[in-house]
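Trainee: I would like to go through this one with you, starting with how the chains meet. Could you bring it up?

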Amino acid sequence: MKKKIASSIGLSAIDEEAVDERSLSTKPSKTGRLRSFSSIFFNPLQSRDSSSVFKADELFLFFLPAGGFAGNTGHDPHVLYTLSAVQILALFDKLDILDVGKVSSYVAGLQNEDGSFSGDMWGEVDTRFSYIAICCLSILKCLDKINVVKAVDYIVSCKNLDGGFGCTPGAESHAGQIFCCVGALAITGSLHHVDKDLLGWWLCERQVKSGGLNGRPEKLPDVCYSWWVLSSLIMIDRVHWIDKAKLVKFILDCQDLENGGISDRPDDAVDIFHTYFGVAGLSLLEYPGVKAIDPAYALPVDVINRILLTK
Amino acid sequence: MHGRPRKAYKPEEEAASAAKAAKLRALQSQFMSNHHNKIYTKEAVDLSTKLLEINPEAYTAWNYRKLAVEDKLSRIESDPDLIKTILDEELRVVESALSQNFKSYGAWHHRKWVLSKGHSSVGNELQLLNKFQKLDTRNFHAWNYRRFVVELTKRSEQDELKYTDDMIGSDFSNYSAWHNRSVLLSSLLARKADGFLPNKKIPDEYKLVQNAIFTDEDDQSGWFYHLWLLDQTVNVETPLLTSSWPSHGSRISLYAGCSNGSFSKLTTFGSESGYFPLVLNFDQAVGGVSSSTVTIDTELKGNEDLVWEPVSKKNSHVSCVWVARLKYISSEPCFGKEYKVKVKIGNSPGIVSSRGCNFSASYEFVFTAHVHDTVEESSQEGIVSWTDGFDIWDAESKDLNALTTLDRSNAQMDSKWRQEAIAEEIDLFRELPDSKIGKLTLARLLMAKAMISDDAVKGVHYNEILELYKDLMALDSSHYQYYKDVHSVALLRKVTSSTEDLSGHLFRCRNMNNSVCLRLNNLSLSRIASVEKLLFVQMLDLSHNELHSTEGLGGMQLLSCLNLSHNRIRSFSALDSLRHLKQLRVLDVSHNHIGEHSVDTTRYLCSSPLFNSEWTQDEVGRQMPTLVTKYWDAYFVLRDLNLKQLDITGNVIAGDVFSSFVLRVVPKLVWLDGKKLEI
């Protein structure tokens, strides 16, 4: 699941086998093009100029006539990768190369009668896809192509009695799904549907003794929750309910100080996924030297302001 | 990617891994060729099986298989056995993939897709699920799939409840089971199924969850379930009116002219506009408050078709607080008269809570409005000072009583089982003295008791509650600020719980012609609460506290002077609720942290142009696009207010650029940072 959310947040086009085989961090890339996308996505957070390295047109290798993007060449389109593509282009201010009408129609066309969203033509429904659609269309300024009221109603129907959200109505609360639902509600100006105190307490209790955050009760802490729990807490203004210093220490403890990168837990193998979320978490914790990131869009604040606050 | 130890690859491992990758690539390449050429031969389909067995995350392969199935089904006659055979093979492949990775979205969805076709036997599914539950009782894919099968087979909620009984019975530390139980039970209670009445069922559930909480005091599995039970015990579904301004039986004096808190009596109000707010405060968010559901009976002319507005964000049509503006100054001479105003709520249906419950039977309250024609001479244009001369206010207690009485006349029915349940839980939790969950739950139970019992007992409990939260700040320091916030809420409940407590915070401001000020400064408050008891407040001092937002203040509709200096406000977006305060004229936000932080925690909680809605700019805004983008939240908050006096010094954002921006956005401002402005 986390792989999917990772790509939804802009780690696009992960070559799953490369990640599984751990060939990314030490060897020259077998999938040179893909690795450069991911590393380029990270750079802006560390304030390095990488626009010269990124070739926006190459994204079209993953673009399909239906209007969606695939995870890799030859694969089928899916909203996950479509959002990644849009986020990457937004990051580099190259959205103009897109056929916005086609892409937005592809995404909007995946909304169902009850307001939910399918991931692709095969009909898997999940609030992750609600977030993806809303985030994507918001960046493209085409939110009016979907029925926002119904989309919000569906998300609210996935709200649980503990204040959290699951992937479908009745599903257990999970930090990743909570990020998606809270993010979607934030983007559509609908956070009044969230019981901030109730959810805030559930979320702040994800911080365990080591200072790290888990994704649901009685689970192990994991650096990627530094994003999902943290951004959710920030969007509902309850981030002060956790110990930020302890979390910073946990994230830094997950670094591989010899070879670089961040892992899910101290002394585990690193990967780009957790490296991204560790850095993004540090940004939300105002760690010095890291650019400010928007908690709802998972893109730098200046990028979002550029897109949404100017005509 | 998760839970793999960090170690350098040995050369043999590297080679093996490279070989594996090469094999996978070859498979994938052949698969892609089949997929793009729409080849669905047995050989081709078997290739996809091999691919999925190695990597169940190859989502395109699951898509391909669906196309292959549909292709096969289209070629055969509708022979149910043949169809079943084809689909059974899919189920087998899914099971094999799940044994590789029982968290594969693609695999689970493929199974759902097959089952949804309606040709497969569903009988095995629950058994399959039991197998996966044994491997991992928290596997949410399995739980979700279980709900899917239950829906398909129309298994009863009672049977499923029994299943959660079994799961919890074998291991209480199963949050997923508790969650499922909460879903089923709330449904059974809501439709009042046989044997599922709250007064019997809820106490039973308390007994069940106690084991989960007491067996291991650090295990969270039962905590949230217990909190839900408490909510069911304390909160009545039907929305109630908790308070109003003016309140029932009160007599208010209305004056013409500007109001900057310069009136000597608690029940006096003045406005240049000639309207006074009628405020309704409900115990939960409701919608449907309008001139048809709330009728006003009065001789005050011009109030036939009132417009009721919710104190909430633009998108929201529900709120705990609703306001209408009643006209008291008209062209006709009607000064010096006393007018009775009768407010009838819920005469006709339409007021509904956000959970879908209708407002209970019609409720009525009456107050008297005494309209004066003279402008009180103290309606000054002078600067408001927060530091000079405050005198203790002599309690005209009858006055205050009328204002602070929480109306419980439309009290909850059936409260005996609720009070008993709370009392029993309190006794039980006193036996867990040193644990975090013990103290926290006890504090919550005592708060609940204070809410549903008589006034006389209230004062006693609050001190114990405050002590418990202080203990928790030390015991569980990671969550210090959480306990701080709930401590502030409890403190404000205490302050507003009785006339004696409240009058200790009411002062006369000598330099403001003895107008009444509520002083809640220097109390280490990090949260605002109990506003429903403070609807009458016109001048409020919250300085020298730890507030980082004005969340909750929107209901204080009469507020005209507000001091928030020396707090922890980080941005104007945190002051968004002030936009509802149409009477606000004096605002002090000096010595805060505005502009200091790169992370804005209230960005999405305020009405802002980030919601893709029309970014409406007025003339002033259009002239300064760069500054409006830079200070968008200050722009939105300040332009909606009619401020005469503003203090912003001592904030990182303050300076010449920001000051000149403010002057453009708030043209009627008279005083900025203590200096009178040239007109």
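This is a predicted model: local features need pLDDT of at least 70, side-chain atom pairs count only at pLDDT 80 or more; totals for chains, interfaces and linings use all residues.

Trainee: What area is buried between chain B and chain A?

Mentor: Residues are numbered from 1 along each chain as its sequence is written, chains are lettered from A and ligands numbered from 1 in the order in which they are written, and side-chain values use heavy atoms, with hydrogens and water left out. Buried area is the accessible area (1.4 Å probe) that two parts lose on being put together, summed over both. Carbon and sulfur atoms give 51% of it here, and the area between chain B and chain A is about 8,100 Å².

Trainee: Which residues of chain B lose the most area to chain A?

Mentor: Contact means heavy atoms within 4.5 Å, and chain B brings 83 residues to it while chain A brings 103 residues. Three residues of chain B together account for 11% of what that side buries, and they are M1(B), R6(B) and Y604(B).

Trainee: Which side chain of chain A meets D218(B) in a salt bridge?

Mentor: A salt bridge is a side-chain nitrogen of Lys or Arg within 4 Å of a carboxyl oxygen of Asp or Glu. Between chain B and chain A the count is nine salt bridges. In one with an N to O distance of 3.6 Å, the partner of D218(B) is K209(A).

Trainee: How are helices α8 and α9 of chain B oriented, roughly parallel or roughly antiparallel?

Mentor: Helices are DSSP runs (H or I, at least four residues), numbered from the N terminus, as are strands (E, at least two). Axes are lines fitted to C-alpha atoms, for helices over the stretch in contact, and angles run from 0 to 180 degrees between N-to-C directions. Helix α8 (residues 157-170) of chain B and helix α9 (residues 175-190) of chain B pack at about 150°, with axes 9 Å apart. Angles under 35 degrees count as roughly parallel, over 145 as roughly antiparallel, 65 to 115 as roughly perpendicular and the rest as oblique, so α8(B) and α9(B) are roughly antiparallel.

Trainee: Which residue is joined to W245(B) by a cis peptide bond?

Mentor: Most peptide bonds are trans. Here omega is about -5°.
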